[in-house]
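Two features of this structure are worth a walk-through, one inside the protein and one on its surface. Please look over the sequence and the fold before reading on.

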Amino acid sequence: MKRRSAALFLAVICWLGLVLQIITAVLRAHREGTSVSTTLWHLIGYFTITTNTIVAVLFTTLAASRPGTAISWASRPGVLAATTVHIAFVGIAYSVLLRGTWHPQGLSLVADEIVHDVVPLLTLLFWFRYAPKGRLRWGQLPHWLSYPAAYLAYALIRGAAEGWYPYYFIDVKTQGYPATFRMAGVIMVVLIGMCAAIIALDHRLRDDPVS
């Protein structure tokens, strides 16, 4: 499969997962008699949803762009590598921390599998197959952490304002700030390790010498 075709396929799968998440959220709100607007507002507060949206936009851009165009930023190795790390973290964190906390059925299960398992796996495979190797630099690592750090700050500020937190392990109301920040520290360490691993692997698999 050509690179642009693979990017288009991944983008379609990712958008499908996001649309199904919205549909199931609306259906759940109607079933439970809760506000649809509040349900959707909560939905976009999840790291899974924001990260899958980034993936969908990135791969839509890759599928639509040609080398040398104004949107060729999407082809930068650092952008793809960082996105791969973030969506891989979504899959790992869900499997380790969240998968056993609820048991979706039907359409919810399909949506759940797409955004937590299928998209992370396809993104990782895309990076292995199509990303040029040997272009990543260790100095890029701190920049890659800015997105999850910004998300964490946003989630905590929003939680303090609204009293709602997207994940139990950063729920200050039940965990308290010390436990929340300890967990946040563990998450950042894991992300640093994942970033370091993809840079090291990029250097090992390089297709031309690192300058």
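Four helices, α3 (47-64), α4 (77-98), α7 (146-162) and α8 (172-204), each supply at least two residues of the lining of the largest cavity. The model is a predicted one. Among the contributors, α4 gives the most to this lining, with 6 residues.

How many cavities of 30 Å³ or more does a search of the whole structure find? The search finds 1. The volume of the largest cavity is about 250 Å³. Its lining is made up of 18 residues, and those closest to the cavity centre are Phe 47, Phe 89, Tyr 151, Phe 169 and Ile 187. By residue class, the lining of the largest cavity divides into 17 nonpolar residues and 1 polar residue, with no charged residue.

The largest share, 3 residues, comes from α1.

Is Ile 23 buried, partly exposed or exposed? Ile 23 counts as partly exposed because its relative accessible area is 36%, and partly exposed covers the range between under 20% for buried and over 50% for exposed. Patches are made of residues with over 30% relative accessible area, and the 36% of Ile 23 is over that cut-off.

Notes. Residues are numbered from 1 along each chain as its sequence is written. This is a predicted model: local features need pLDDT of at least 70, side-chain atom pairs count only at pLDDT 80 or more; totals for chains, interfaces and linings use all residues. Side-chain values use heavy atoms; hydrogens and water are left out. Buried means under 20% relative accessible area, exposed over 50%, partly exposed in between (1.4 Å probe, protein chains only). On a 1 Å grid over the protein atoms alone, a cavity is a set of points where a 1.4 Å probe fits but cannot get out, and a pocket is an open set with protein on both sides within 12 Å along at least five of seven lines; lining residues have an atom within 4 Å of a point. Grid points are joined across faces, edges and corners, and a volume is the space filled by probe spheres set on the points. Ala, Val, Leu, Ile, Met, Phe, Trp, Tyr, Cys and Pro count as nonpolar, Asp, Glu, Lys and Arg as charged, and the others, Gly among them, as polar.
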